Amino acid sequence: MTARDLILGRLRVALGEPPADPAAVPRDYRPAGAVAVDLDLLVHRLTDYRATVHRCADADVAQVVDEVLGGRRVVVPPGLPRHWLPATVAAVTDENLTAAQIAAVDGVVTAAAVAVAETGTIVLDAAPDQGRRVISLLPDVHVCVLRADQVVATVPDAVARVDPGRPLTWISGPSATSDIELNRVEGVHGPRHLHVVVVSAGAAQHG
Amino acid sequence: MTRTFLGMPATAPRGVGNLRGEESFPAAARRALGDTQLRRNLRHATTTIRAKSAAVIGELPDWAQLRAAGSAIKTDVMARLPELLEQLEAAVAAAGGTVHWAADALEANRIVTDLVRATGAQRVMKVKSMATQEIGLNEALEAAGIEPVETDLAELIVQLGRDRPSHILVPAIHRNRAEIREIFLREMPGVDPALTDEPAVLAAAARRHLRETFLSTPVAVSGANFAVAETGSLAVVESEGNGRMCLTLPETLITVMGVEKVIPTWADLEVFLQLLPRASTGERMNPYTSMWTGVTPGDGPQQVHLVLLDNGRSAVLADAVGRQALHCIRCSACLNVCPVYERTGGHAYGSVYPGPIGAVLSPQLTGMPDNASLPYASSLCGACYDACPVMINIPELLVHLRGQAPHPAGEKAAMGAAAYTMDHPRLYAAAQRAAGLARLAGPALPPPLNGWTASRDLPAAPPQTFRQWWAER
């Protein structure tokens, strides 16, 4: 007998006869679509977990990237809008770079798939403007550009919007640990600096 | 009748893994209570996390509804576990992953060791995983000449300190920053001798220490917080980025997961992704959660394995009351609120699963005789039930398991004698008068009952029984 048959057999014996009617799951919590999106809440939650937030128009993204990474080397995914990159950064496009090559650059600029206002979370789904998971992992500075229409209110909204078939990375602030006396400390293995650029159509405010 | 050929539910085998202590809980707890540094560290850490967790739970208007949903989803999972596992297996395979089944710790260790050997790697990097601690995978890999490197900061502290984990979430919770600094100075090759005990400095030291390992190790072993039957997706919830490193950089990824971790649908994640971080680290969301479905060409590991582990879970499932211990999502909230855990620490429980959930899970995984004292490692105060994000009724389970634990022969004789006395009015009256006389004996009981009064005073018996008082009116 295979281990598979052994285990499934054991579990079936353990359960005995299946119940006549399967238990219903009460879903009285706030479902997807129940809460209005609050961009200011997103900014507060990101900032609270030590991400730096910039709000600007699409045309001004390059200026923000210049402020954060000007004069330094960055890796970018193949599908990143090129007008987000200022002339002051040396950008290398990820076309099967080795991990060592990616680890050697200072920063990474990506887009995002979804963001959750209530938790201050950004979700990357490895689309061409976000790239392979490794590029947003090894460099020490991650600049993530987010369109306002990608922001949802709650976790159920985000779970409903993302594609399970893609590799997903949910990011809430810079790398951190709670392993020393259960206090949160930023800066372990992932990027120690997370900048989120929220691009609102038409708005050109800064800061 | 054919079912007996398929095998009966079985407990976790002896002689492998880390589910059994070398001594009973009372003996281990007595020693732990003498360690004042340990108690200071634990009180500090658990007080911190309780306040953080309460604050972020208070932000959610629907916490109670999320708990109810989480509990009901888990109940449904247990009722349909075989079919959900078959569905998961098919979905993982369809996405390019390979599913293995391990009846117990020995089989799981053999499967993982063989998979690592097949790659030719001498070293594997590990994401913190309770399942691999449970089965003693590191010991098995070392015996096979393969070096396992723990990459979670707390696991690294435990591994470098040649220590044992004492908490589900933060295995080094019993160490304070000064002790961690000492361990790093002693055990971390090339560490800066000017290392301070600032948490940020200690975290940076771990970053430098592990970077090269992440970039050069071709095999990783992880656990999984959730596996979605519907899609074949696996999820790992973490903070530091060591998980992302292990799940992204190597060529081969081996995930070891207890069978109870499966959830039915993708949408069910919306419940658990809200419950787990707030109950666990007291964060609205943990820094990193990775989800992957089989193999993604060109992105991440191209050889993806999933090892589904029984190791006693079928025996837990066989107890209709006890099976709710399998609902646990390993958040460790019950440890952080437990007055017993806060004083004894995790090592006293003997198992990798300490605290209230360990007191009900470990004895069921191993069978009662091997962990008979654990269901008594509680005052039944109920704080664990209130804290549990999936509403596991741990006090009910403790009482249920106490009913199955071996009882001392004297207890049955004493109960029988009491019942006989209460059935005979004259004997009962005489016993009550004797109790009144016992006032003269002081606040302690004579042997063999002195165990009860070793740590508490006997309440003073009244000078008169109720019947005497009534007769005199």
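**View 1. Domains of chain B.** The centres of domain 1 of chain B and domain 2 of chain B, taken over C-alpha atoms, are separated by 54 Å. Domain 1 spans 29-313 and domain 2 spans 425-472; such bounds come from an automatic or database domain assignment. The model is predicted: local features need pLDDT of at least 70, side-chain atom pairs count only at pLDDT 80 or more, and totals for chains, interfaces and linings use all residues. Residues are numbered from 1 along each chain as its sequence is written, while chains are lettered from A and ligands numbered from 1 in the order in which they are written. Chain B has a mean pLDDT (the predictor's confidence in each residue, from 0 to 100) of 93, with 96% of its residues at 70 or more. The scores of the model are ipTM 0.95 and pTM 0.91.

**View 2. Helices α3 and α12 of chain B.** Helix α3 (residues 63-79) and helix α12 (residues 269-280) of chain B have axes that come within 9 Å and cross at roughly 115°. Axes are lines fitted to C-alpha atoms, for helices over the stretch in contact, and angles run from 0 to 180 degrees between N-to-C directions. Helices (H or I, at least four residues) and strands (E, at least two) are DSSP runs, numbered from the N terminus. Residues of α3(B) in the contact include Leu66(B) and Ile73(B), and those of α12(B) include Phe272(B) and Leu275(B); contact requires C-beta atoms, placed from the backbone, within 7 Å.

**View 3. The contact between chains A and B.** Chain A contributes 61 residues to the contact and chain B contributes 80 residues. On the side of chain A that touches chain B, α1(A) gives the most, with 13 residues.

View 4. β9(A) pairs with strand β9 (residues 288-293) of chain B in the antiparallel sense over four bridges. Two strands pair if DSSP finds at least two bridges between them. Thr169(A) has Ser290(B), in β9(B), as its bridge partner.

**View 5. The open sheet of chain B.** Six strands of chain B, in the order β1-β10-β7-β4-β2-β3, form an open sheet with parallel pairing. Within chain B, strand β2 (residues 123-126) and strand β4 (residues 219-222) pair in the parallel sense over two bridges. Opposite Lys126(B) stands Val221(B) in β4(B).

Notes: Contact = placed C-beta atoms within 7 Å.
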